[in-house]
Amino acid sequence: METEPHRKGWEVALDLLDEAIAFGFPNLPVVTDSWFAGEAFFQGLRQRNLDFVVEIKSNRKVVTHANRTGLNCSVKEFFENRSRKKIFHLNRPKWAAEAIL
């Protein structure tokens, strides 16, 4: 029995998005959890002209992208002085903040 080589989840996700687009699925924002938070996945979404919202872990680094300047800090530092909202997920409190990077 022949098995397919292992593929990363974000690679499979991009293939599934390609199939959905080819089938005529509407161009809606892509929303994922932190397991998909990586530059290769972001680039794939940008190449497909898809907007996206991705959870990122607090130990990630925020860096300058395109014409933005002055970003080179941790996610925690970036959100330190920004307003946040307390939300509950699985009955546990979490802090939610938003940013367009």
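This is a predicted model: local features need pLDDT of at least 70, side-chain atom pairs count only at pLDDT 80 or more; totals for chains, interfaces and linings use all residues.
Local features need pLDDT of at least 70 and side-chain atom pairs count only at pLDDT 80 or more, while totals for chains, interfaces and linings use all residues. Residues are numbered from 1 along each chain as its sequence is written, and side-chain values use heavy atoms, with hydrogens and water left out.

**Exercise 1. Find the aromatic pairs and classify each one.**

Step 1. Rings of Phe, Tyr and Trp (its six-membered ring) pair if their centres lie within 6.5 Å; planes under 30 degrees apart are stacked, over 60 edge-to-face, and the rest tilted. Searching the whole structure gives two aromatic pairs.

Step 2. Take phenylalanine 36 and phenylalanine 41: the ring centres are 5.5 Å apart and the planes stand at 50 degrees, so this pair is tilted.

Step 3. Now take phenylalanine 42 and phenylalanine 52: with 5.3 Å centre to centre and 10 degrees between the planes, they are stacked. Phenylalanine 42 sits in helix H2 (residues 39-47) and phenylalanine 52 in strand S2 (residues 52-54), so the pair ties together parts that are 10 residues apart in sequence. Helices (H or I, at least four residues) and strands (E, at least two) are DSSP runs, numbered from the N terminus.

Step 4. Check burial (buried is under 20% relative accessible area, exposed over 50%, partly exposed in between; 1.4 Å probe, protein chains only). Phenylalanine 41 is buried at 2%, and phenylalanine 42 is buried at 15%. Phenylalanine 36 is partly exposed at 25%, as is phenylalanine 52 at 28%.

**Exercise 2. Work out which residues make up the largest nonpolar core.**

Step 1. Look for buried Ala, Val, Leu, Ile, Met, Phe, Trp, Tyr and Cys residues joined through side-chain atoms within 4.5 Å.

Step 2. The largest such core has eight residues: Ala13, Leu14, Val30, Phe41, Phe42, Leu45, Leu50 and Val54.

Step 3. Helices H1 (9-22) and H2 are the elements giving two or more residues to this core, and H2 gives the most, with three.

**Exercise 3. Locate the salt bridges.**

Step 1. Aspartate 15 meets arginine 7 at 2.0 Å, N to O, and arginine 46 meets glutamate 39 at 3.2 Å.

Step 2. Aspartate 18 meets arginine 48 at 2.6 Å. Aspartate 18 lies in helix H1 and arginine 48 in the loop between H2 and S2, so this bridge ties together parts that are 30 residues apart in sequence.

Key. A salt bridge is a side-chain nitrogen of Lys or Arg within 4 Å of a carboxyl oxygen of Asp or Glu.
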